[in-house]
Amino acid sequence: MNKKRILITGKGSYVGTSFMKWVEQWPKEYDVVEISVRGEEWKQHDFSVYDVVLHVAGIAHVSTDPSMEAEYYKVNRDLTIEVASKAKQDKIKQFIFLSSIIVYGNSTHIDKRRIIDRGTIPQPSNFYGESKLQAEIGIKLLESDTFKVVIIRPPMIYGKGSKGNYPRLASYARKLPFFPDIDNKRSVLHIDNLCEFTRLMIKNQENGLFFPQNKEYIKTSSMVKTIAEVHGRKVLLTNKFNFVLKLMIPRIGVLDKIFGNLIYEHSVSAYKMPYCVRNFHETIVATELESEDS
């Protein structure tokens, strides 16, 4: 069996490094190399010896600082298209781009459900989302019969070493005696499930737009409670302060990220082969206990 030769563009990234570790389970099937795409040196790298480029480089977390806007477009859009163009020129067969659910805009108010399906039109609410969407459009124009393009729009990614909202929630779970019990729903994706999904994209030589997620939607308060239980703690869930939070959300944007609603309809995330290798409870146990052991 010939090994699939995979080039990860974005050295040291959370997703890229996790993927490299994940496919170590199949040493006879995959050969993975990662390179930095900062500066100009990467342009001299010979892409032609690889079968697949997995592009994970980018500015990952949202900033509302207007001074950052040009940098977001430079890295998230322009660099992505530049790397894809070189991949095509060097006869790469498949290009995989890690986009984001953020192309659909931010989550909605606590009281409003938001369900994304295949007919939902992207409407970015900031330059982070817009830069990702424009990158998607740019690389799709390069697609051909010999250059397959895969675009992955994951929801919140979490796992050992992840950044963003999950570490914040884990911190609450370890410290707070109680937590607001708000009935929200979020799509999320554990890093192992994402890595397996990406592996299947490569194994099956896919192309197109994909929306992987865990099988279960999460409720923020339930996630905090589960994290606490893994650490042998009890967190009291209460709805006594919900009305205060609802009043505060317009003034404190991070509350909307934590308690808002944003889900993919389950059917858009279905794939012909199973990729959710861990259920929700298993992902929390693995994330928290592996973090302690490291």
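**Close-up 1. H2 and H3 cross in a right-handed sense.** Here a crossing is right-handed if the near helix is turned clockwise from the far one by less than a right angle, and left-handed if anticlockwise. This is a predicted model, where local features need pLDDT of at least 70 and side-chain atom pairs count only at pLDDT 80 or more, while totals for chains, interfaces and linings use all residues. Residues are numbered from 1 along each chain as its sequence is written, and side-chain values use heavy atoms, with hydrogens and water left out. Helix H2 spans residues 69-89 and helix H3 residues 127-140, and they pack at about 20° with their axes 9 Å apart. That makes H2 roughly parallel to H3 (angles under 35 degrees count as roughly parallel, over 145 as roughly antiparallel, 65 to 115 as roughly perpendicular and the rest as oblique). Axes are lines fitted to C-alpha atoms, for helices over the stretch in contact, and angles run from 0 to 180 degrees between N-to-C directions. Helices are DSSP runs (H or I, at least four residues), numbered from the N terminus.

**Close-up 2. Who touches whom between H2 and H3.** On the H2 side look for Tyr-72, Tyr-73, Ile-81 and Ala-84, among others, and on the H3 side for residues including Phe-127, Tyr-128, Ala-135 and Ile-139; contact means heavy atoms within 4.5 Å. Sorted by class, this contact has 8 nonpolar, 5 polar and 4 charged residues (Ala, Val, Leu, Ile, Met, Phe, Trp, Tyr, Cys and Pro count as nonpolar, Asp, Glu, Lys and Arg as charged, and the others, Gly among them, as polar).

**Close-up 3. H1 meets H5.** The two axes come within 9 Å and cross at roughly 70°. That makes H1 roughly perpendicular to H5. From H1 come Tyr-14, Val-15, Ser-18, Phe-19 and Trp-22, and their partners in H5 include Ile-191, Leu-194 and Ile-202. The tally for this contact is 8 nonpolar, 2 polar and 3 charged residues.

**Close-up 4. The second largest pocket, with a volume of about 310 Å³.** Among its lining residues are Tyr-14, Trp-22, Lys-160, His-190, Asp-192 and Glu-290. H1 (14-22) and H5 (191-203) each supply at least two lining residues, and the largest share, 5 residues, comes from H1. The lining splits into 4 nonpolar, 4 polar and 4 charged residues. A pocket is an open set of points on a 1 Å grid over the protein atoms alone, where a 1.4 Å probe fits, with protein on both sides within 12 Å along at least five of seven lines; lining residues have an atom within 4 Å of a point. Grid points are joined across faces, edges and corners, and a volume is the space filled by probe spheres set on the points.
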